[in-house]
Amino acid sequence: MTADVWLPIPPREIEGLPAGPRYHHWDGAEDFPADPADCAFYVVPYMRPPAVGQRPLSRMRSVQVVQTLSAGTDHVEPALRQLPPGVRLCNARGVHEASTAELTLTLILASLRGVPDFVRAQDKGEWRGGFRPALADKSVLIVGYGSIGAAIEDRLAPFELARVARVARSARTTERGPVHPLADLPALLPQADVVVLSTPLTDATRHLADAGFLSRMKDGALLVNVARGAVVDTEALLTELESGRLSAALDVTDPEPLPPEHPLWRAPGVLVSPHVGGPTSAFRPRAERLLTDQLSRWVNREPLRNVILTTGAAGA
């Protein structure tokens, strides 16, 4: 196969890429590495603003595959309307589970055990003890039980939880137990001490955690968002935080990046991390394995993994 492939990682640094395609390195620079019209397989630059990744798509008249290196694809989907029918959009399932699940556990433990308060006290040379809640014996609700949600539960398993409840778009059964549909959320929210959001951002999940959702959470509960900022209604969350009824740990925010003057920075009971669930040392080897596998499948005309949608298909 002779076709152009655009990669955000230098091709020479990726072992096992199949022979045949012409590989070009582009990580969002102003100048394109080649004519976008000749690109057949486009890997979207990782952790760049949506406008950067979308910029060449309108000129990619030969593209067959758009591959993201993120679990979510909302940052590129608006530009797919410009593409011809039959283009497959693939996400990075399998790349971010470990890192995102690690951060989720970090945010839960840091929030419950008061680690931000310890850091502030250390900066002042103050010894502040006190009684803090443990994760043990808590009930956790995972909203968005895909591969990342399952990885989060894997890491929660040793912590002697009272219960883990799982919610996804549709009901199913797993080895760990039932997965409830979104329609069951009103009944599940009042039972959870910790609510973890790990769902993709779609029309159905935008502002899923709105005023009604948050009001159903029990007093003193912790909301953890490792999904997308817009899954949460920021104003509704601020109301709950400022009342002191809920606390939150947010790796993603709406807006993002969070402006310096935004009230979320100073709201009581909130821990903010700057969207660092994915970019860790675990990212690169998993991303490279995904790319070599996907490109080998593409070159050999085998089914691709992680196809989210195909342009021109019903519902796309």
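In what order do the 6 strands of the open sheet with mixed pairing run? The legends below begin with that sheet, as seen in a predicted model.

**View 1. The open sheet of 6 strands.** The strand order is E2-E1-E3-E4-E5-E14, and the pairing is mixed. Strand E2 (22-25) and strand E14 (307-310) stand at the edges; each has a single partner strand, so one side of each is left without a neighbour in the sheet. From one strand to the next, the twist averages 20 degrees.

**View 2. Strand E5 beside strand E14.** E5 (residues 88-90) pairs with E14 in the antiparallel sense, over 3 bridges. Arg88 has Thr310 of E14 as its bridge partner.

**View 3. Helix H8 across the strands.** Helix H8 comprises residues 283-299 and lies across strand E1 (4-7), E2, strand E3 (39-43), strand E4 (65-67) and E5. Its direction is at about 160 degrees to that of E3.

**View 4. Helix H4 and its cover.** Of the 10 residues of helix H4 (residues 147-156), 7 are buried, so the helix is largely enclosed by the rest of the structure. The buried residues are Ser147, Ile148, Gly149, Ala151, Ile152, Glu153 and Leu156.

**View 5. The largest nonpolar core.** This core has 33 residues. Those with the most contacts inside it are Leu141, Val195, Leu197, Phe213, Leu214, Met217 and Leu223. Two or more residues each come from E6, E7, helix H5 (185-188), E10, helix H6 (211-216), helix H7 (234-243) and strand E12 (247-250). H7 gives the most, with 4 residues. Apart from this core lies another, of 24 residues, among them Leu107, Tyr145, Leu222 and Val226.

**View 6. The surroundings of Met217.** Met217 is one of the residues with the most contacts inside the largest nonpolar core. When neighbours within four places in sequence are left aside, Met217 is in contact with Leu189, Val195, Leu222, Leu223, Arg245 and Leu246. Among these contacts, Val195 and Leu223 are also listed with the most contacts inside that core.

**View 7. Leu103 in helix H2.** Leu103 lies in helix H2. Its relative accessible area is 13%, under the 20% cut-off, so Leu103 counts as buried. Apart from neighbours within four places in sequence, the contacts of Leu103 are Asp251, Ser273, Val276 and Gly277. Gly278 is 175 residues from Leu103 in sequence, yet the two C-alpha atoms are 8.8 Å apart in space.

**View 8. The whole protein, for orientation.** The protein has 8 helices and 14 strands. Its radius of gyration is 21 Å, close to the 20 Å that the globule rule gives for 316 residues, so the protein is as compact as a globular protein of that length. Along the principal axes, the C-alpha atoms fill a box of roughly 65 × 45 × 35 Å. Buried residues make up 50% of the 316 residues. Among contacts with a separation of 6 or more, 62% are between residues 24 or more positions apart. The accessible surface comes to about 15,200 Å², and carbon and sulfur atoms account for 51% of it.

Definitions and conventions
Residues numbered from 1 in each chain as written. Predicted model: local features only at pLDDT ≥ 70, side-chain atom pairs only at ≥ 80, totals over all residues. Heavy atoms only, no water. Buried < 20%, exposed > 50% of the residue type's maximum accessible area, 1.4 Å probe, protein only. Core = buried A, V, L, I, M, F, W, Y, C linked by side-chain atoms within 4.5 Å. Contact = heavy atoms within 4.5 Å. Pairing = 2+ DSSP bridges. Axes fitted to C-alpha atoms, helices over the stretch in contact; angles between N-to-C directions. Rg over C-alpha atoms; globule rule 2.2 N^0.38 Å. Areas by Shrake-Rupley, 256 points an atom, 1.4 Å probe, with all protein chains shown as cover.
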